[in-house]
Amino acid sequence: MQSACANTQSLSENGVSSGDIESVSLVQKKSFTTKNFQTFGGKNIENVTVGWESYGSLNAKKDNVILITHFFTGNSHAAGKYNNSDSAAGYWDAIIGPGKAIDTNRFYVISVDSLANLGVHNPNVITTGPASINPKTGQPYGLDFPVVTIRDFVNVQKQLLMSLGISKLYAVVGPSMGSMQALDWAVAYPNWVERMVSVIGSGQADAWTSAKLEHWATPIKLDKNWQQGNYYSSQAPVDGLVASLMLITQDALYPDFFNQVGKEINFSALESAALDDIRQSPSIVNWLRARALTRAESMDANHLLYLVRACQLYVAGHQGDLNNALKKVQAKTLLLPAQTDLLLMPYNLQSTQQMLLDNGKDSQLSILPGTLGHLEGVVGISKHASLIQSFLNK
């Protein structure tokens, strides 16, 4: 799926380079803690803490809230910068801010770090997951951390919103894994959600998607240093994590992008290094691995496995029957698959759209053109800002 959501947020690390924007707002990471959180699977997590960010101002009625739900490799840094010296702004800064498609002069925009966030070692990410300390043992949870689902991400967000006195969402909007959360919000809590935008998403993890996601988990499980998740006091399974991130990056892009990179680095099929030594790799593979190595520094292998499982378990409504679940939707919905998406291909949202229409829902779908593949919905989002803005003005 994208479900998983994968984004190479690193096309410029957060998707938007500082040269792409005229002015960027400064933001602060905040934290939210809840006790004895009950997971969808019926397990208890004694302490859950997640980070969150906000943009704009909450009005007196607290009815101008837009929730942004993030993608697989992302976090709550959806817009702005922490410091003027940051090399990149939040991944959707092109559409979130004063006068932009998601106008912070009008809306109070909130985004929340997911449970088991992949970037747990990023100093700007706050998350509870397998790398967190289990209060019962004083050691990292590892695989003793409960399996979590997209619904659990939604429920943590809901608790945060309620702590702020918010009981209604003008809209919930998200790409990829974020689109799953957005649609699950509209099904699970229909009285909360007035509008829902699913970008590069799906209604459920079908057989194809679930199997593809497993390929992201496999290199980690095969790494000798993984040790069934008990590696926190020894060598981490970096090789497996890097291999997983290489797969995620390629799955999130489209051949045109890779072939353009190949031209820029003078890739050719018959390179002398690869010809002379089987241990050497083609230059495009070296490029891909280098990107993955850099990204792996802030990430955790177990967290990746938990996010994969959350996406594999995904069906909007978490009832097992998508069509029946969609009957509960009250929100106006906008579905935006990407034409060249090879990860969460357009058929995922097209079939969801048909179910919504068959159930008499107010839903529209527009296929995003472009050659960025799955990432059309993240790094290419500025080209499609008018679609989102028009929908939010309905």
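**Cores, a parallel strand trio and a buried serine**

The largest nonpolar core of this predicted model comprises 82 residues, with Phe72 and Leu304 making the most contacts inside it. Helix H8 (residues 301–312) supplies the largest share of this core, eight residues. Another core lies apart from it and holds 32 residues, including Trp92, Ile95, Ala385 and Leu392. Here, a nonpolar core is a set of buried Ala, Val, Leu, Ile, Met, Phe, Trp, Tyr and Cys residues joined through side-chain atoms within 4.5 Å; buried means under 20% relative accessible area (1.4 Å probe, protein chains only). Helices (H or I, at least four residues) and strands (E, at least two) are DSSP runs numbered from the N terminus.

Local features of the model need pLDDT of at least 70 and side-chain atom pairs count only at pLDDT 80 or more, whereas totals for chains, interfaces and linings use all residues. Residues are numbered from 1 along each chain as its sequence is written, and side-chain values use heavy atoms, leaving out hydrogens and water.

Turning to the strands, S13 (residues 332–336) is largely enclosed by the rest of the structure, because four of its five residues are buried. Strand S12 (residues 195–199) runs parallel to S13, joined to it by five bridges, and arginine 195 stands opposite lysine 332. S13 also pairs in the parallel sense with S14 (residues 363–365) over three bridges (pairing requires at least two DSSP bridges); leucine 335 has leucine 365 as its bridge partner there.

Serine 76, finally, sits in the loop between strands S4 (65–68) and S5 (88–89). Serine 76 is buried, at 0% relative accessible area.

Terms used. Buried < 20%, exposed > 50% of the residue type's maximum accessible area, 1.4 Å probe, protein only.
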